[in-house]
Amino acid sequence: MRIGLVVLALLAAFSAVPVALAGAGPDPAADIKAFQGHFRTELPAIPLAAYVNGPYNFPGSGRAQWKQITEFPPYSFAIDSGKVLFETKFPNGKTYTSCFSEGGIGIAGNYPMFDPKTGRVVTLGVAINRCRVANGLKKWPLTKGKMADLVAYMTVTSRGRPIDVVVPNDPRALAAYEAGKEYFYSRRGQLNFSCASCHVQAAGKRLRGNVLAPALGITASFPLYRSKWGSIGTLVRRFIGCNKKVGSVPDKPDSAAYRDLAYFLTAMSNGLPIAGPGSRP
Amino acid sequence: MKPLPLVLIAGLALLPAAALAGDATSAGAQQAIAAAEAKISAAAAMQNQWFATMAAFRAAKAAERKGDYAAAEAAAAEAGKLADLSIAQARRQKALWQSEAVR
């Protein structure tokens, strides 16, 4: 069948095109479109902006209690404390406003950010620590405590604004993005799971009493108060917890691995609104 | 009594049953631990260390300190085996992760 063969050959030629493009290097814009499209197709009942509420989109997640506690949310102390920290002067008289664009208000959605000077990804926490060091203060741990409080305050001033993570056309930025993507999809630990195994393939399913949050919007409610922690924690605290779940020794909170992972994962939610700080069971 | 013989006697008294019964030696245990350590570094370099590896490794060192060289060798071998598995997993994922990626 000559015609059939020609058609097949044509099909092969066409189907080879995307493969060739994929081989051309990281394409964040295409990835974001595909990522958001995947969830829109798999879980069409969830409106795009509602993904920021993670597990609460699914039954059995404690949604009713969550609605109730949003009247006096458990993270409100963190916001208050964060505001005081934000406004307290450094010994040199400056404040955090001196380190951020827009004086640090309403800018959480732009993080993680690529820093062309160092060629590295800077999360909001890392940026806060840089500001502290630049003003003669010590770094804070990135996972909880004062850091989480300050991030909570800076995040609440950004609530409702779209996540807008930029991956510039700089080979170092693209490499960091690609490293984060690889981390997200690579299976690890003795259980042999990737982040995607749970938060993409099994999104919305239950695991030992927990509903697995879909990866889309998964960063938007951070920092968040978890009853299990009994305190507020940052995104990197969650990364550490999820690595441990699969039997994998976590990376350092300020490691390139976690920065790049946050860069990739947050970028996938570009356009969704900032919803943090949040609360979870 | 001079101090030296006392130390010797104390040392003999501490010689564990395992070391007397089998042929496990301190040197052998230390060699096994060093071998495991090298594999653990390689796994760390690939950003894929397993908790189980580290647990076995800690057990190996603890046994070695107690003088239970046979147990130390066995636990070190287990740690090395687990580190090898995590290295193999990381190598496999270098090629496989893209097939899991949403596209």
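Author: Begin with A:Asn243, which is found in helix 9 (residues 235–245) of chain A; helices are DSSP runs of H or I with at least four residues, numbered from the N terminus. This is a predicted model, in which local features need pLDDT of at least 70 and side-chain atom pairs count only at pLDDT 80 or more, while totals for chains, interfaces and linings use all residues. Residues are numbered from 1 along each chain as its sequence is written, chains are lettered from A and ligands numbered from 1 in the order in which they are written, and side-chain values use heavy atoms, leaving out hydrogens and water.

Reader: Is A:Asn243 buried or exposed?

Author: Buried means under 20% relative accessible area, exposed over 50%, and partly exposed in between, with a 1.4 Å probe and protein chains only. A:Asn243 has a relative accessible area of 5%, so this residue is buried.

Reader: Which residue of helix 10 of chain A is among those that A:Asn243 and its helix 9 partners meet?

Author: Contact means heavy atoms within 4.5 Å. Helix 9 of chain A brings A:Leu235, A:Val236, A:Phe239, A:Ile240 and A:Asn243 to helix 10 of chain A, where they meet residues including A:Tyr258.

Reader: How do helix 9 and helix 10 of chain A lie relative to each other?

Author: Their axes, lines fitted to C-alpha atoms over the stretch in contact, are 11 Å apart and at an angle of about 105 degrees. Angles run from 0 to 180 degrees between N-to-C directions; under 35 counts as roughly parallel, over 145 as roughly antiparallel, 65 to 115 as roughly perpendicular and the rest as oblique. Helix 9 and helix 10 of chain A are therefore roughly perpendicular.

How values were computed: Helix = DSSP H or I, 4+ residues; strand = E, 2+ residues; numbered from the N terminus.
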